[in-house]
Amino acid sequence: MTRINGFIGRRSFMQLAGMAGVGMAATAGSGILWKPEDALAQSPATPTKPQPVSPDAALKQLLEGNQRFIDGKRQNPHQSRLRLQETAVAQYPFASVLGCADSRVPAEIVFDQGLGDLFVVRVAGNVASQTAIGSLEFSTAVLGSQLIVVVGHSRCGAVTAAVKGDPLPGRIGVFVEEIKPAVARVRAKTGDLEQNAVIANVQYQAQKLAESSTILGGLIQEGKLKIVGGRYDLATGKFTIVT
Ligand SMILES: [Zn+2]
């Protein structure tokens, strides 16, 4: 509990406790080993809670960062010692990402962001698994992020595996199964099946986030969340919105 408390900050924790409707508030701030108030008092750079970044402004920031990356003009923002100290106390990521675990698509680099900017969930095939959905419910409802970007990419091995449909060892098949419904949507479509499947998978996972989570769906209804999907091109570095 203490660790969770430290992770999200006391105020957010209280919100989470209230939202969950359980008796966690009684333990908030009463950690024996660590109190967020102590950290705030000792911190040389106490952050104040910023205004939430609107979904459209958040998307603009991401797209501008991606353009800097493409142009070879990365600013590597928010990577200073001061930022490190600020974000050690609390985090207010302006956007959340559900991306593929592929080593060639690191969100902070391709969107040119820094510490505390993005709440990133990466899993092979950028699938909206139960744990991914839970993580994104946390980043939006508790941490205040108002944008989720689903980031698929060209030549995604997970999507290729779902297209082929061959048996897979261990638990590799678990996430591949979660991509198959997306592949089924475009199997009869003309054009390159794998490329179509990458886009279909982004759309399918984005739709799954919005429709299977009452928390995310509720935030969308309130105008406090947008879910956007796009395709990242491994060769050019460009992120293009597809849904
Ligand atoms: Zn991938």
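In the predicted model, strand β3 (residues 147-153) and strand β4 (residues 226-232) run parallel and are joined by 7 bridges. One of the residues involved is Ile148, whose bridge partner in β4 is Ile227. Both strands belong to an open sheet of 5 strands, in which the order is β2-β1-β3-β4-β5 and the pairing is mixed. The edges of this sheet are formed by β2 (118-122) and β5 (239-241), each of which pairs on one side only. On average, and with direction ignored, neighbouring strands of the sheet are turned by 25 degrees against each other.

Helix α4 (residues 55-70) lies across β1 (95-99), β3, β4 and β5, and its direction makes an angle of about 35 degrees with β3. Helix α11 lies across β1, β3 and β4, running at about 165 degrees to β4.

Helix α11 (residues 193-212) also packs with helix α8 (residues 157-164), their axes being 9 Å apart and the angle about 110 degrees. Angles of 65 to 115 degrees count as roughly perpendicular, and α8 and α11 are therefore described as roughly perpendicular to each other. Their crossing is right-handed. On the side of α8, the contact is made by Val159, Thr160, Ala162 and Val163, while α11 contributes Leu193, Glu194, Ala197, Val198 and Asn201. Classified by type, the residues of this contact between α8 and α11 comprise 6 nonpolar, 2 polar and 1 charged.

Notes
Residues are numbered from 1 along each chain as its sequence is written. This is a predicted model: local features need pLDDT of at least 70, side-chain atom pairs count only at pLDDT 80 or more; totals for chains, interfaces and linings use all residues. Axes are lines fitted to C-alpha atoms, for helices over the stretch in contact, and angles run from 0 to 180 degrees between N-to-C directions. Helices (H or I, at least four residues) and strands (E, at least two) are DSSP runs, numbered from the N terminus. Angles under 35 degrees count as roughly parallel, over 145 as roughly antiparallel, 65 to 115 as roughly perpendicular and the rest as oblique. A crossing is left-handed if the near helix is turned anticlockwise from the far one by less than a right angle, and right-handed if clockwise. Two residues are in contact if their C-beta atoms, placed from the backbone, lie within 7 Å. Ala, Val, Leu, Ile, Met, Phe, Trp, Tyr, Cys and Pro count as nonpolar, Asp, Glu, Lys and Arg as charged, and the others, Gly among them, as polar. Two strands pair if DSSP finds at least two bridges between them.
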